[in-house]
Amino acid sequence: MVLFTIFCPIVAAVLIMLGVPARKTALAASFLTFAAAVFLFASLGHSPSDFQHVTSFSISPEWRLSFTTGVDGLSVVMVLLASIVTLAAVWFAGAIEKHENAFYACLLLISGGIIGAFASIDLFFFYAFHELALIPTFLLIGIWGSGNRFAAAWKITIYLAIGSFILLLGLILLYQSFPLGSRSFDIRTLQTAASMGQITPDAQRHVYLLLLIGFGILISLFPFHTWAPEAYAAAPAPAAMLHAGVLKKFGLYGLLRLAIPMLPEGARHWAMLLVVLLLGNIIYVGLVTIAQKRLDWMLGYSSVMHMGYIFLGIASFGVLGVTGAVVLMFAHGLSIALLFGLAGELRKRTGTLDFDELGGLARVMPFAGLAFGLGVFAAIGLPGFANFAGEIMIFFGAFRDGWEIGRLHMFQVATILALWGVVMSTVYMLRAYRKTFMGTIREKWQKLPDLRPGLRVPATLLAAALLCYGFFPQFLVRMVAPGFSKFLSANKQTRSVVSSEVETSREISSTLRHGIPRLRSE
Amino acid sequence: MITAPLLEIAVLVLGMLILLIEAFAANIDKRVLAYAVITGLALVLLASFFVAPFPSPENATGFWSFYTADRLAIFFKQFALLTTIFVVIMMIDYAPVLRSSFPEPKEGRLPSPPEDETRRLESRRSLNGLGEFVALPLFTCAGLMYLVSAIDFVFIFVSLELVTVSFYVLVSFTRRNPVTLEAGMKYLVLSALATAFLVYGIAWIFGATGQTNLYRLTATLANAGTASGAALLGMVFVLVALGFKIAAVPFQIWVPDVYQGAPTPVTAYLSVGSKAAGFVVLIRVLQPFMNLPQTERLIFVIALLTLIYGNLAALPQTNLKRLLAYSSIAHAGYLLIGVVCFDVRAITFYLVAYLLMTLLSFAVLIIVAQQTGEEISDFDGLARRSPFLAFAMLIGMISLAGVPFTAGFLGKFYIFYAAVVQRQIALIITGVITVGCGFYYYLKIVRAMYWQSSSKTDTIPVNGLSRVTISALIVATIWLGIYPQPILDALKH
């Protein structure tokens, strides 16, 4: 089943290149993938902390390299996100004027690659599948992009190529940090070996730094973020949806998958650096976002900014914060995809996304206005949307569990500063909404058509998923938290915040229910 | 059972036969000769898989004291044969270009034949010169095969000359073209200079140690009593000559001009065959000296310079052939990282990947260049005109750049794995930057093919043999990028 979710889009992409009708095949393939992902999600009910549906083909016994796929709670959440966004992106794409087949093939290749990365248990294929997106992205932006598309395509490609190469070096170093007997590309083997303390703290520091830079470039961590807004502004809407919604989560997923179980010492050592950088993401990029004058750039910057919260959750290194990070990853993927999809529709109709040109569009496009409004509120983090659940868990988790560095409780300071980020995102999001959909409408936009019913489906799908997981975040938490508590409680025995899986889940649910963390005396 | 030296003899005999047929059967369709060469080489290649490895014993005398048939040698003999087969296939595609650079036969030498006979002769004449053009690579191939087996300096010298002399002719084959003539001249003079350095270096090493056999040299140098200074000086001179072969900085000056000027199949041959054999000899020659710290430092500097120069100089190129020339220098840099770490399997795998992706790029280049030209802008809109050729070039370029699921990526993976093991921090950091550069200049071609639009819309014809060859290269590039084990197993001891 896992293999099906990976290869269904890839095979469909090949078929489309060979001349099968593009749009129908793409829709069918992404729908089948979505159905398979939902099935995987549902089938993982009990014991989501172990990998299930594992299949393995040996590639190089000498290196202990094998093509192994499977899903646990964390990866199935990401696979589900990828399949939902793929379906929405393909649906939003509509008819393409030139090279329709190549367009859909590129989209599906990106999607298959990223699902493969999420579902790989083998370190090598985890890396390689992600790279499958590189060339299609280059082509998507270069051929079908708008605005300054050539510069944007070069920039994203070179940035991502260098970022992934640094990441590759980090992965090689990680592999070598293990003693000869336990070297393997199988992540499960590595996790077991790491939990027995087989990586020296010194090696952990080196590996973590390389991974942080490598993944950081892919995630658009400040100050490596400049490629992201430009590329998203230039990319065609479906590509921006997939990239900002799913592809960027690869780096975060990698940190969760590798750093948390294997490199606690490295994470502690570089926590200070990461906190400073993520505050750069939240505060600096937040201010930059407020200054934007175009909707697509504003969305691009806002997606960079939100990465800061997710980093805060990961850096806190507690079950609550890390689980919140996953929930926010999922929620952000959906909300940014919704916003980019609708912005793409606006661009198709008006030809511009300049705030000064737009205004009052909700009058002629009520459905688009409603959907965009939902996306905006989700992005701000209004209660009821999954983003809220994620952010609140991150803030409480970071405030309580973060490391003290020196005498200063750095994480508490960072959390307080990060809360101001929410205010900033309210400012730019609401202002963008006002300038686009509210106010007086210009004469030339009076005749704009609303979204046709066909396109309302993907928008509804995304918004419904946001609301569904906003009211019931436990679905996600139950999937993810047990896997983390296995490692994090072991890593933080001194603090003994969590004693068992059951208690973790209960604690998180009560946090969500009451909105107040039960702080414990240490 | 077939023994290893028979392979070279077979290739040489085949070469002489082709030359004789060319001389005595002037009217034969030259294409038949090319197919005969391909078939003959394919048979030898097939036979080579039945040759059992027979490494020379340390105290061997006579023939086996300068010729070894270990796994490495046999593997690279197959490598040379495969390269030559691909090059000859490319030469068939290149034949029309050859014709334009040859003088028409003098009028009135033959009694004027009837109408259809003229047309038949006309079509034959279109392949004028192809006979020698396909016979010469056989001698080069034999030279390369000897070279990878050579374990004695004298034999290294002789086989290197066999390779170089046949390349003199091949490089300047289309001599009507002034650019080619310039390339031939540059190659001749600089190659001769490199040979002089080689001989001089061998003389120093022999003078210091009294040995030309590499095994015995190792033993002599390991002996604490030997003064290694003079031998080291000789090694530096030998390194100059080999640096010329593998296009390492600062011996790379000839590369861009010669690669651009030479007939394209010959360029492909130079950049794959000559380089691979050069690296095998480099590994063998450096083996005795690797214990000396000076050697590693020297190679380290050369690797660093080659990486930086090759990649930076490739950035602004607008001519694809010239770009591939600089990229060949850049790849020599990555291979030299492998030499610094002395990881033979990584180097071998990289060379195999390099063979596939380079030949793939050149095969497409030859076909496209005949229709439009060799500039990158001549590839504009190729995806519209010939999706197959554009896709082949795309695979070649992303493999050269090092995108996963292609052989080129795994090549870089093994090389940098070795570098990380040995903590070669400076080389790794330089490598990160140069890989970024590589993405830029290789994707320039992808951009031309897929982004740009072109005024021309007619499809470019591809004959059946080329289509099969290109498809095979694409499949092999991707297959090795996913399943590298066959190559790694081939060298396992």
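Colleague: Which helix holds Lys412(B)?

Modeller: Lys412(B) sits in helix 17 (residues 407–421) of chain B, where a helix is a DSSP run of H or I with at least four residues, a strand is a run of E with at least two, and both are numbered from the N terminus. This is a predicted model in which local features need pLDDT of at least 70 and side-chain atom pairs count only at pLDDT 80 or more, while totals for chains, interfaces and linings use all residues. Residues are numbered from 1 along each chain as its sequence is written, with chains lettered from A and ligands numbered from 1 in the order in which they are written.

Colleague: Over to chain A. What span is expected for helix 9 of chain A, and what does it reach?

Modeller: The expected span is 1.5 Å times one less than the number of residues. Helix 9 (residues 201–219) has 19 residues and reaches 25 Å from first C-alpha to last, close to the 27 Å expected. Just after helix 9 of chain A, Ser220(A) takes a positive phi of about 65 degrees.

Colleague: What makes helix 7 of chain A parallel or antiparallel to helix 9 of chain A?

Modeller: Their axes come within 8 Å and cross at roughly 160 degrees. Axes are lines fitted to C-alpha atoms, for helices over the stretch in contact, with angles from 0 to 180 degrees between N-to-C directions. Under 35 degrees is roughly parallel, over 145 roughly antiparallel, 65 to 115 roughly perpendicular and the rest oblique. That makes helix 7 of chain A roughly antiparallel to helix 9 of chain A.

Colleague: By class, which residues make up that contact?

Modeller: There are 16 nonpolar, six polar and no charged residues. Nonpolar covers Ala, Val, Leu, Ile, Met, Phe, Trp, Tyr, Cys and Pro; charged covers Asp, Glu, Lys and Arg; the others, Gly among them, are polar.

Colleague: How many residues of chain A are in contact with chain B?

Modeller: 22 residues of chain A are in contact with 21 of chain B. Helix 7 of chain A gives the largest share of chain A's side, ten residues. That side divides into 17 nonpolar, four polar and one charged.

Terms used: Two residues are in contact if their C-beta atoms, placed from the backbone, lie within 7 Å.
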